[in-house]
Structure formats: structure tokens, C-alpha cells
Amino acid sequence: MVSVAILGAAGGIGQPLSLLMKLNTSITKLNLYDIVNVPGVAADISHIATNAEVKAFLGPTQLADAVTNVDLAIIPAGVPRKPGMTRDDLFKINAGIVKSLVEAIAENSPKAIIAIISNPVNSTVPIAAEILKAKGVYDPKRLFGVTTLDVVRASRFVRDIRPELDATTLRVPVVGGHSGNTIVPLLSIASSPIELSTEERDALTHRIQFGGDEVVKAKDGAGSATLSMAYAGARFADSIIRALGGESVVEPTFIPLAADPEGAKQIRELGAGDLEFFAVTVELGKEGVKSIVQLPTSNLTGFELKAIAVAAEALTTNISTGVNFVKNV
Ligand code: NAD
Ligand code: LMR
């Protein structure tokens, strides 16, 4: 019995994500919200023979109803990149969109778990935290930036150069944030050992950090990753849903480190310093974050530790951009 709302459900990510959520048999209610086209998307998806009840919510007057009594709200609303843009270039438009959606969730489902896909994730998650604090309903265990696509890419890109490995089971921890050099793949502690020359390591790290650009370039003005993101978003949502049902599930995600101050000590010592948000691997439970999974730190390389420091520096700016946006409104 899980109720899910998808906000931005008629978009490039929203449509395939809504489809995949309709196929998730744990979901009983699927609320699809957008400012355009959502009645058609919902009518179409509602014919699929699973038990979830699908309902369309169109425009701001129906937003409150879309997010009332939901357990999980997923936000892929907002503009995507075009070639030549960074994720930070999306801030101007997406910051306001995320702010208004999180305000509605805070007012109508204050205990909902919120999963933010909208970029720049490094700043939109801090925006959400500030809104939830202002509304008096902030629980750092229930707020997530979706960085699953980074680990999905890491598994697949490793397989591109090591075809003997299984991309479906290989796990590469990725920490930091979700843009360029804030994305730090920890290849030295992947679930299977990967022997890499310095050139291979550098090229693979760069490809994981800038994988999004490959898609933006290939789509040539028609947007950014949508299908692989819908897969990654559905995987993340399924992990949350299974954890709500009592399973112990492990996923990487960009979270407020206040969700597990004790568990965050390790990543702070590795370079996250006093940052409020960082992508880490977490164990999920019924209340959201149960704990931050500890890394086998003695195996990390100097290259990886340096990359964490670089990521932390960029994240400091990204996070304060989000926080200041809310404070200055
Ligand atoms: P899109 O333009 O195809 O779809 C966005 C949807 O959001 C549209 O249907 C639009 O109508 C809707 N929307 C706009 N304003 C809204 C509002 N106020 N309320 C509700 N819906 C609103 O874009 P897309 O390709 O689906 O990408 C969406 C976002 O996801 C972008 O910001 C993109 O950068 C981001 N993204 C993140 C990741 C990640 O790994 N976290 C991966 C890919 C894309
Ligand atoms: C991605 O990693 O594919 C997304 O963040 C979209 C983008 O702008 O690259």
C-alpha cells in the first residue's frame, strides 16, 4: 500500500518513469502531476493491467491534491540542458519550480519521502531542505537527491572496457555530488577488483563524471538523459518502497549528512569537511535513511582522495547557492 506522486510526469523523464512506476506492483496509488499534457499521459498509463490507481493532476490549482497523503514524491520537473550548458545554468528556472513543489509537499504530506531529480541536484536539494525547515517539517532522513544514474553509468562504463564483468551486479561507489567534478567514482573499492592503468583510470573517471554530457551532445538540443534516468529513478524509488516495507536496502544518494551525523564522520574526515550535503551510500529503512554505509577507506587511492577534495570545494558553492536562494526570496 504505497502512494507515489510524480511531479513533472509529462516530461522526458516523467513519462517513462510513470510507466515504470505503474509496473511496480507495490504501488497502489500513482498521482501524476504536471503543468501540461498530463491527462493524456495518465489516461494512457492507466490502461496497463496492474493494480495501481493512476490519476492526473494538471496545473497549480491541482497541486495540493496531487501531493496529499503520499508516501513518496519524486520530482523530475524542470528544464533540461542543451549543448554548451552546465547544470548550474538550469538553476534560474528550476530553483523556483522545486521550491514551489516542495512547499506543496510540506503543506500536504509533511512526512513524505522526497526524491529530487531536477538539476542542479547539488543546489535543488539544499533548496528543498530550507523550504522544509521554514515549514517546520524538516527531517533530514527523508530528503534525497537522486544520483543513481551516476552509479548506473559507472557499472556500465566499466563493462565497456572490461567485458568479462557483469554490469548488472558490479557496484562502484560514487560520492560527492551530481555534476562534473563533484561526481567522484571510487573505482578502487568497486564490488569486483578492476585493474586499471593510469590512463584507463583517468579516462574512466572522466567518462563517469561527464556521462551526462555525452547524452546532451548526442540529443543535439533535444534535451538530456531521460530513458536511462527513468530507469535509475525507478530503481531508486523501488529501493525506497522496499525499505518502507521493512527490507534493508542499500543505495547511493545525495543527502543531508545530518541524516546520520555519526555515520557521516568518516566521509567528513575523507574530505567532505563540514559540508551539509554529500552523495554517499546509505542503508534505507522505514523512516528513510537508516545509516550511512562505511567505506573501506584504507583502500582508497591518493587520486580518489584528491578528487573528493575537489568535489567538496565545488559543492560548497553549489550548496550555498541553493540555501541563499531560499533565504533571499
Ligand atoms: P523535460 O523538459 O522533458 O520535462 C520536464 C517536465 O517538467 C515537463 O513536462 C514540464 O511541463 C514539467 N514542469 C515544468 N515546470 C513545472 C512545474 N512548475 N510543476 C510541474 N511540472 C513542471 O525535462 P526532462 O528531460 O524530463 O528533465 C527534467 C529535469 O531532470 C531536468 O532538470 C534535468 O536536468 C534533470 N535530470 C536529472 C538527472 C539526475 O541524474 N538527477 C538526470 C537527467 C535529467
Ligand atoms: C545526467 O547526468 O544525465 C543529468 O544530470 C542530465 C544532464 O544535464 O546531464
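This is a predicted model: local features need pLDDT of at least 70, side-chain atom pairs count only at pLDDT 80 or more; totals for chains, interfaces and linings use all residues.
Start with the core. The largest nonpolar core takes in 107 residues, and within it Leu72 and Ala115 touch the most other members. Helix α9, spanning residues 227–244, puts in ten residues, the most to this core. Both domain 1 (2–145) and domain 2 (148–328) are represented, each with at least three residues. In soluble globular proteins, nonpolar side chains do tend to be buried together. As for Leu72, once its neighbours within four places in sequence are set aside, its contacts are Val2, Val4, Ala112, Ile113, Ala115, Ala237, Ile240 and Ile241.

Next comes ligand 1. Its shell holds 33 residues, and those that come nearest are Gly8, Gly11, Gly12, Ala77 and Asn119. Strand or helix elements giving two or more residues here are β2 (27–34) and α4 (91–108), with α4 supplying the largest share, three residues. Sorted by class, the shell around ligand 1 comes out as 19 nonpolar, twelve polar and two charged residues. Domain 1 (2–145) and domain 2 (148–328) both give residues to this shell, so ligand 1 sits between them.

Ligand 2 has its own set of residues around it: Pro80, Arg81, Arg87, Asn119, Leu149, Gly212, Val215, Val216, Ser224 and Ala225. Helix α8 (residues 211–219) gives the most to the shell around ligand 2, namely three residues. The split by class is five nonpolar, three polar and two charged. Ligand 2, too, lies between domain 1 (2–145) and domain 2 (148–328), because both give residues to its shell.

How values were computed:
Residues are numbered from 1 along each chain as its sequence is written. Chains are lettered from A and ligands numbered from 1 in the order in which they are written. A nonpolar core is a set of buried Ala, Val, Leu, Ile, Met, Phe, Trp, Tyr and Cys residues joined through C-beta atoms within 7 Å. A residue is buried if 20 or more other C-beta atoms lie within 10 Å of its own, exposed if 12 or fewer, and partly exposed in between; C-beta atoms are placed from the backbone. Helices (H or I, at least four residues) and strands (E, at least two) are DSSP runs, numbered from the N terminus. Domain bounds come from an automatic or database domain assignment. Two residues are in contact if their C-beta atoms, placed from the backbone, lie within 7 Å. A residue is near a molecule or strand if its C-beta atom, placed from the backbone, lies within 6 Å of it. Ala, Val, Leu, Ile, Met, Phe, Trp, Tyr, Cys and Pro count as nonpolar, Asp, Glu, Lys and Arg as charged, and the others, Gly among them, as polar.
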